[in-house]
Amino acid sequence: MYMCGIIGYIGLKKASPILLKGLKNLEYRGYDSAGMAVLSSNGIEFRKGAGKIEEIERRLNFEELEGSIGIAHNRWATHGDVNDINAHPHFDCSKTIAIVHNGIIENYKELKESLSDHNFESETDSEVIAHLIEEELERGLSFEKAFMSAVSKLDGNYAILAIKADEEKILTARRGSPLVVGIADHGIFLSSDIPSFLEWTKKVVYLQDYDVVVVDRNGIRIHNLIEGEVSRPIDTVEWDAEQVKKGGFEHYMLKEIIEQTETIQRAIQQDEDVVKRIAEEIRRAYGTFFVGCGSSYHACLAGSYLFSKLAKTHVNVVLASEFENYEHFLTENTLVFAVSQSGETADVLEAVRTAKRKGSRVIGIVNRMGSSLTRESDQFLLMNAGPEICVLSTKTYTSQVALMTLLAYALLERHEECVEKFKELYMDIYNLTSRSMRDYLKRLAEMLADKEHIYLIGRGLQYATALEGALKIKEVSYIHAEAFAGGELKHGPLALIEKGTPVIVFVSKENEERILSNASEVKARGGFIIGISAERHEIFDYWIKVPECGDLNPIVQIIPIQILAYQLAVLRGLDPDKPRNLAKSVTVI
Ligand code: M6R
């Protein structure tokens with residue numbers, strides 16, 4: 001089990017309704033099963049099952065669980081089928097210990113073999129944790145000592161919460177998987193992510209790798225398995241509870257698309273001196289890398305075109321999962337930009353560690369303050385996009401591209417000019433996300449909803465946009481969507497074009513002639529041309545009007561495709577916030 005959401009509460013209030021709300025706010029992390037365990041006068045009581053939380057909450061009546069100490073879990077399965085038994089919590093043989101876990105226990109098979117006299121119920125790696133604690137308790141250790149000893153035997157990634165009958169406390173440990181403490185007036189939260197408790201408190205303590213924490217009614221004690229007793233600062237988060245609500249929108253995806261009017265402006269509100277210093281580092285570096293995954297990788301690619309065309313500066317763009325292949329180019333003079341919305345993507349963190357081992361300097365571009373990337377990079381720039389709940393990156397993608405643009409302009413010592421350009425974009429983004437635009441794109445979505453394939457083409461900066469557009473369409477509507485550089489069509493993809501095949505063409509002033517010539521190659525084979533451009537061209541069967549914004553085209557041109565992808569998902573009866581098989585932060589290699 002890799003990407004899951006966990007939450008625990010100990011306090012003055014009844015735990016189950018609080019945990020249930022927390023699970024709903026954590027659903028973006030995993031949504032194929034859920035469960036909860038609460039300490040009651042009868043020991044541990046629990047409910048768990050497969051299904052989305054809104055389906056199973058009626059069946060399982062979580063709120064019937066009494067007690068003010070509890071732990072809960074949303075599952076995203078990759079290890080063991082999606083079924084009631086594999087859902088968390090998991091237990092020891094006598095069901096006096098309950099645990100929930102996010103991560104993967106790599107040595108669970110060996111550990112399980114060493115516990116052959118224990119009765120395992122599930123196929124998960126996680127269950128081994130409960131039995132390990134039981135084993136240590138049988139050796140006469142206290143719950144805390146047994147927990148610590150069990151944790152020190154685990155290889156892999158984990159964020160674990162554990163409770164034991166008759167012990168008024170929650171024990172927790174983290175390594176590699178996110179875990180944050182929330183301190184409210186009425187109690188303490190332990191969770192994979194802040195939105196799960198934001199309604200109750202903005203005071204947080206970010207836990208670090210190897211922290212083992214005891215939370216009881218007196219507060220929290222942190223013991224780091226390497227450093228010993230430690231204290232961690234209490235921070236205040238700036239997000240508020242409203243930001244993590246749908247605020248009248250049917251889906252987070254739409255809300256987050258519309259928020260781009262504001263988030264793009266926020267992204268570029270960076271300290272000018274900091275940006276200038278980073279530009280200076282890029283100038284001095286002997287090799288600069290941009291690394292990221294998925295949408296963040298596409299932002300890196302857009303950034304590389306901007307750096308090349310605008311600032312005449314070469315950068316290497318590498319998928320974080322492929323970065324190790326470039327290891328031998330890394331030196332103390334190399335600069336690595338690690339781009340990640342969540343700051344928890346395992347491939348990105350692995351790339352960061354590779355770079356740091358080689359002595360290279362790492363700058364994070366990240367949305368989540370307190371995430372692993374903010375801790376592990378030497379310096380970071382925050383996107384300031386606010387919480388993005390939908391699994392798809394929308395507003396964080398444009399924030400990443402905005403930051404890349406700002407850096408490219410900083411290299412030219414034209415920071416102010418860039419900020420002005422972005423200010424002028426405000427009304428354009430407002431119009432692109434307006435109701436009339438959404439309705440216009442809905443009509444296009446109605447024409448495309450039954451298609452099996454959609455292709456997207458662009459050149460230069462617009463090629464990065466085409467790749468991102470294809471990712472948006474495929475991951476949310478499940479229609480096969482693929483992007484090509486316009487010039488590549490004749491080298492193979494043209495064979496895919498039949499009468500009526502939809503092809504989205506991103507046109508910019510700079511490469512208008514060449515991309516329109518690519519579009520005519522498609523049109524000649526019967527393709528249905530959807531043009532995204534400032535001017536209507538005869539060749540278009542459907543025209544999406546966007547302003548011509550030069551270097552800022554990647555921002556304005558992706559927005560209609562985000563909306564189109566959203567409309568396609570809704571028309572096909574899919575939940576745009578939770579595409580199948582995907583999770584928001586991919587904390588596995
Ligand atoms: O949190 P990150 O930016 O590191 O996530 C990387 C990818 O998993 C992510 O961009 C993913 O491709 C998007 N959610 C797709 O919309």
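**Notebook: a look through the predicted model**

I started at Phe528, which sits in strand 24 (residues 528–533); strands here are DSSP runs of E, at least two residues, and helices are runs of H or I, at least four residues, numbered from the N terminus. Before going on, I noted that this is a predicted model, where local features need pLDDT of at least 70, side-chain atom pairs count only at pLDDT 80 or more, and totals for chains, interfaces and linings use all residues. I also noted that residues are numbered from 1 along each chain as its sequence is written, and that side-chain values use heavy atoms, with hydrogens and water left out.

Back to Phe528: I looked up its contacts (heavy atoms within 4.5 Å). Leaving out residues up to four places away in sequence, Phe528 touches Met447, Gly500, Thr501, Pro502, Val503, Asp541 and Tyr542. I also checked Arg459, which is 69 residues from Phe528 in sequence and 19 Å from it in space, C-alpha to C-alpha.

**Ligand**

Next I asked which residues surround the ligand. Then I went through polar contacts, meaning pairs of N or O atoms within 3.5 Å. A ligand oxygen lies 2.4 Å from a side-chain N or O atom of Thr345. For Lys472, a side-chain N or O atom is 3.0 Å from an oxygen of the ligand. On its own the ligand has 410 Å² of accessible area (Shrake-Rupley, 1.4 Å probe), and the protein covers 92% of that.

**Helices 12 and 13**

I then turned to helix 12 (residues 395–411) and helix 13 (residues 415–432), whose axes come within 8 Å and cross at roughly 145°. The axes are lines fitted to C-alpha atoms over the stretch in contact, with angles from 0 to 180 degrees between N-to-C directions. Helix 12 brings Ala402, Thr405, Leu406 and Tyr409 to the contact, and helix 13 brings His415, Glu417, Cys418, Val419, Lys421 and Phe422.

**Backbone**

Last, I noted a cis peptide bond between His88 and Pro89, with omega about 5°. Pro89 is in the loop between strand 4 (69–75) and strand 5 (90–91).

Definitions and conventions:
Near = heavy atom within 4 Å. Polar contact = N/O pair within 3.5 Å; in protein donor to acceptor, adjacent residues only side chain to side chain.
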